[in-house]
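Dear colleague,

I am handing over the structure we spoke about, and below it I have set out what I found. Please read the notes with the model open beside them.

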Amino acid sequence: MSSAKKTVAITGGASGLGKAMALRYARAGWGVAIADLNDERGEATQQELNDLCGDASYHHVDVRDASAVEGWRDAILERWGHIHVVVNNAGIASHGGIAESSLEDWDFAIDINLMGVVRGCKFFSQTMKQQGYGHIVNIASMAGLIHSPEMNSYNATKAAVVALSETMLFELAPFGIGVTVVCPGFFQTNLAESTRSPDSHAQAHVSKMLATSDITADDIADQVFSAVESKQFMLLPHKSYRNTWYWKRFMPSLYNNKMGQYGVKLAGMRRQPKE
Ligand SMILES: NC(=O)c1ccc[n+]([C@@H]2O[C@H](COP(=O)([O-])OP(=O)(O)OC[C@H]3O[C@@H](n4cnc5c(N)ncnc54)[C@H](O)[C@@H]3O)[C@@H](O)[C@H]2O)c1
């Protein structure tokens with residue numbers, strides 16, 4: 001089959017930013033394929049997308065499963081005949097100090113936040129190379145650029161996604177394939193539900209942080225849509241976090257001071273009272 005419509009594939013498309021991006025592309029008249037683990041939300045989102053564009057699909061895909069990701073890519077090709085944009089968005093929250101976090105939680109975060117993106121990039125870039133066009137969007141985080149204490153595996157996986165994206169930018173450009181890496185700060189979604197942490201208060205803490213945002217998933221989805229159109233590589237949607245990143249690069253002593261103070265504050269909160 002081949003369709004005249006442009007097609008976007010989005011992992012983690014049943015909730016939060018993935019869903020907002022799916023709706024953004026559906027409103028622009030694209031064919032939209034979403035993949036997720038949450039079938040209830042996935043099917044409800046597919047319905048909303050079909051009401052908008054009449055041309056959406058939902059597949060149950062775990063990005064930890066390479067053959068499921070590859071099979072999903074093939075199903076999209078079968079239905080639409082081409083893929084213009086893939087968004088590797090599926091992710092989970094992880095939190096905890098290096099001494100306390102379990103190695104199982106590290107493996108879980110790496111398998112989804114990093115290897116899930118790697119699998120999407122691998123299989124979709126194969127198709128895009130054959131087509132001679134396409135665009136890959138990887139959802140990293142400001143945590144990939146600014147590394148706060150007690151965010152070990154989240155920071156490390158998101159920094160790796162930034163590095164992978166930059167590598168692909170120069171590797172895939174000669175094949176007509178664009179790359180965008182998105183580094184948002186906190187914004188309101190269902191991300192806190194997925195939190196892995198040795199700290200039983202972590203989910204409530206993550207929820208509180210998500211609620212601090214002055215921009216929404218829809219705002220970020222609009223920015224991603226424009227960044228793909230203009231082939232912008234790095235997108236930092238939050239102004240406040242952009243400023244912190246500039247401090248880190250251009251005023252490192254100020255940045256180190258502030259981050260050091262934050263580390264001391266956290267350590268004070270964690271220290272066990274002495275008998
Ligand atoms: N919300 C924030 O503050 C924030 C900030 C920076 C980056 N991000 C990133 O944005 C992306 C989207 O997160 P969100 O905030 O919309 O959260 P969300 O929880 O609302 O959405 C994530 C979706 O990914 C799906 N998912 C999780 N594991 C999966 C797997 N193994 N296979 C397939 N699907 C899976 C979930 O079911 C969910 O529908 C993530 O990569 C996250 O790290 C979020």
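This is a predicted model: local features need pLDDT of at least 70, side-chain atom pairs count only at pLDDT 80 or more; totals for chains, interfaces and linings use all residues.

Residues are numbered from 1 along each chain as its sequence is written.

Helices (H or I, at least four residues) and strands (E, at least two) are DSSP runs, numbered from the N terminus, and two strands pair if DSSP finds at least two bridges between them. On that basis seven strands form an open, parallel sheet in the order β3-β2-β1-β4-β5-β6-β7. Its edge strands, each pairing on one side only, are β3 (56-60) and β7 (234-235).

Strand β1 (residues 7-11) pairs in the parallel sense with β4 (residues 85-88) over three bridges, with Ala9 opposite Val86 and Ile10 opposite Val87. Five bridges join β1 to the parallel strand β2 (residues 31-36), where Ala35 is the bridge partner of Thr11. Together β1, α1 and β2 make a right-handed β-α-β unit, meaning that, with the strands pointing away from the viewer, the path from the first strand over the helix to the second runs clockwise.

Both faces of β1 are covered, with Thr7, Ala9 and Thr11 buried on one side and Val8 and Ile10 on the other; a residue is buried if 20 or more other C-beta atoms, placed from the backbone, lie within 10 Å of its own.

Leaving aside neighbours within four places in sequence, Val32 is in contact (C-beta atoms within 7 Å) with residues including Val8, Ala22 and Leu49.

Around the ligand there are 30 residues, and Gly12, Ser15, Gly16, Gly91 and Thr189 come nearest, where a residue counts if its C-beta atom, placed from the backbone, lies within 6 Å. Helix α1 (16-27) and helix α4 (103-131) each supply at least two residues of this shell, and α1 gives the most, with three.

Finally, Phe186 lies in the loop between β6 (177-182) and α6 (202-210), and Phe186 counts as buried because 21 C-beta neighbours lie inside 10 Å.

With best regards

Note on methods. Two residues are in contact if their C-beta atoms, placed from the backbone, lie within 7 Å. A residue is buried if 20 or more other C-beta atoms lie within 10 Å of its own, exposed if 12 or fewer, and partly exposed in between; C-beta atoms are placed from the backbone.
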